[in-house]
Amino acid sequence: MDYQRVFNQAIDRLHAEGRYRVFIDILRTKGMFPNARCFAGHNGPKPITVWCSNDYLAMGQHPKVVEAMEEALHNVGAGSGGTRNIGGNTHYHIDLEAELADLHGKEAALLFTSGYISNEATLATLGKILPGCIIFSDELNHASMIAGIRNSGCEKQVWRHNDLAHLEELLAAADPEAPKLIAFESVYSMDGDIGPISEICDLADKYNALTYCDEVHAVGMYGPRGGGITDRDGVADRVTIIEGTLGKAFGVMGGYIAADSVIVDVIRSYAPGFIFTTSLSPVLVAGVLASVRHLKQSNVEREGQQAAAAYLKDCFAKAGLPVMPSVTHIVPLMVGDPVKAKKISDVLLAEYGVYVQPINFPTVPRGTERLRFTPGPQHSEEMMRDLTAALVEIWGRLEMKLAA
């Protein structure tokens, strides 16, 4: 076996398909987001504007968050010192879990090192704990959810995206005595649409199923206290387990679940992805704690973000750019070709100082490649008008059609 040849061929295939991923070398400038500095292909750093950050509300730059992290660093040092079981269970972790449980109206919460790990570890553990469990998974669920379901080893039924009739068809055909778990998201980040949570809960009640809702692109963003779509729609109490991230709207790092105390204790006690990993640094946890507490009290950031998203969608639509319908803060621009998506991204960065990553397969299906913009409260209307003009120019340069 020529190992090097196999590895090279694997990379060559990605280049040939136009979906080789390039990580842009940047540094954000504290207090000036979405402005940043790009180090890729330049003698010195080049000023750019970031349009694809998941720090949706710029809370990673918020003075309260930065101050809390600095204070924690000077009080306790850099790292946690171990797993939660061995030395890494700091008071910051306890306080944050209490705040997150309160945010979702649940008895308990459990911190993980990332949203990916919280999904993978929780779903895998639930499937192993429940004998004969069947997990019903929306076809557009995140890769971390798919990995967790696969690693659970239990039966999986995939239902067409947001198709309640198909979900009920699968539930009705299943063994009525078998444990059931319906796994879905609130905001689907590539299309910007929302899952029918209340109706899913109705089916769960009818067929005696548990529910698992991934709120990573909604926590902090929706609801009077930032509890997500379940908070906004007043249905958090109907969802068995709510999962979220601390690295998007809350602006720092980590993931979590919130549920009743027994379920949380089961995951805490059985999930390898929780038990055998060093806990989040207390510096990070302190920053998240400040962010969660602030967003429970403040709607300014949420309102600013929603206004920015609405304005950018309107700019794109009026210019004839193929903006996809979205009822959330996600602004996807359809390209439909991986090579062109990468080319548009490259030109925006090199000539206009605009940073937005192309989204290609396997993140989205082939033929639906796109640019995904996430305007925030710090993006000005002038920035959005300039971005629109740049995209129109590039569309013409590449001989791509605009809507009439």
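## Exercise 1: the cavities

Phe33, Ser53, Asp55, Tyr56, Ala58, Thr374, Gly376, Pro377, Gln378 and His379 line the second largest cavity. Before going on, note that this is a predicted model, where local features need pLDDT of at least 70, side-chain atom pairs count only at pLDDT 80 or more, and totals for chains, interfaces and linings use all residues. Residues are numbered from 1 along each chain as its sequence is written, and side-chain values use heavy atoms, with hydrogens and water left out.

Task: sort the lining of the second largest cavity by class, then do likewise for the largest cavity.

Solution. 

1. A cavity is a set of points on a 1 Å grid over the protein atoms alone where a 1.4 Å probe fits but cannot get out, and lining residues have an atom within 4 Å of a point. Grid points are joined across faces, edges and corners, and a volume is the space filled by probe spheres set on the points.
2. Ala, Val, Leu, Ile, Met, Phe, Trp, Tyr, Cys and Pro are nonpolar, Asp, Glu, Lys and Arg are charged, and the others, Gly among them, are polar.
3. Sort the second largest cavity: its lining has 4 nonpolar, 5 polar and 1 charged residues, around a volume of about 40 Å³.
4. Move to the largest cavity, with about 60 Å³ of space. Its lining includes Arg84, His93, Leu111 and Phe274, and divides into 4 nonpolar, 6 polar and 1 charged.
5. Locate that lining. Strand E4 (108-112) and helix H10 (272-275) each supply at least two residues; helices (H or I, at least four residues) and strands (E, at least two) are DSSP runs, numbered from the N terminus.

## Exercise 2: helix H13

Task: compare the span of H13 with the expected one, and find what its buried residues pack against.

Solution. 

1. The expected span is 1.5 Å times one less than the number of residues. H13 (residues 338-352) has 15 residues and reaches 20 Å from first C-alpha to last, close to the expected 21 Å.
2. Pick out the buried residues (under 20% relative accessible area with a 1.4 Å probe, protein chains only; exposed is over 50%, partly exposed in between). In H13 they are Pro338, Ala341, Ile344, Ser345, Val347, Leu348 and Leu349.
3. Look for partners. Among those that these buried residues pack against are strand E2 (35-38), strand E16 (370-373) and helix H14 (381-397); contact means heavy atoms within 4.5 Å.

Notes
On a 1 Å grid over the protein atoms alone, a cavity is a set of points where a 1.4 Å probe fits but cannot get out, and a pocket is an open set with protein on both sides within 12 Å along at least five of seven lines; lining residues have an atom within 4 Å of a point.
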